[in-house]
Amino acid sequence: MSTPYQTIIQQRQPSDVEIFHNVHPDVKPPCLSVEEMGLSHQDVNDYRSAGELIKSLAKTIHTWRQHMPKDAEPTIVAMLNGGLQINVTRLVQESFHGIRIEGTAGGNPCMVLTHQNNVELLCYVQKVTEEEPKQRIGFIIDGHEIEE
């Protein structure tokens, strides 16, 4: 198939998937129970807004950071329909189900507004040098910004 007729995903593979080559080989994210997250089973099963999703994710990233060595940090990649991958720097609730994702795609700053059902959030542990400043991830929850 010639290049003009390839889909965007076919044109991007495999060069844009390099993000996963920096996974920390020695660290596995901690497995968190519902009790460690501070949620009841009812909370887990309740219908959730985008704000509740972001709040839960911020709590998880905070807990991960507490258990990581100096050469590791949590990373979030938002994967959207069409294969677009965004290295997340901030997540914000825009409406009951809407999420604003800020970050970089292919090294370029970007922002995407999407319904929470249209995004998959991949969280993994990335290896970094101890000299590098830690990349913080911003979460705007109930109008207040926190960084984890």
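**View 1. Strands β2 and β3 pair in the antiparallel sense over six bridges, with β3 covering residues 98-105.** This is a predicted model, in which local features need pLDDT of at least 70 and side-chain atom pairs count only at pLDDT 80 or more, while totals for chains, interfaces and linings use all residues. Residues are numbered from 1 along each chain as its sequence is written, and side-chain values use heavy atoms, with hydrogens and water left out. Strands are DSSP runs of E with at least two residues, numbered from the N terminus, and two of them pair if DSSP finds at least two bridges between them. Val-88 has Gly-103 in β3 as its bridge partner, and a hairpin of four residues joins β2 to β3.

**View 2. Strand β1 (residues 72-80) runs antiparallel to β2 (residues 85-93), and three bridges join them.** Met-79 stands opposite Gln-85 in β2. The two strands form a hairpin with four residues between them, and in this turn Gly-82 has a positive phi of about 90°.

**View 3. Strand β6 (residues 138-141) runs parallel to β2, to which three bridges join it.** Within β6, Ile-140 is the bridge partner of Val-92.

**View 4. Cys-110 and Cys-123 are both partly exposed.** Partly exposed lies between buried (under 20% relative accessible area) and exposed (over 50%), calculated with a 1.4 Å probe on protein chains only. Cys-110 falls in this class because its relative accessibility is 23%, and Cys-123 has a relative accessible area of 24%. With a disulfide taken as a pair of cysteine sulfur atoms within 2.5 Å, the count comes to zero disulfides.
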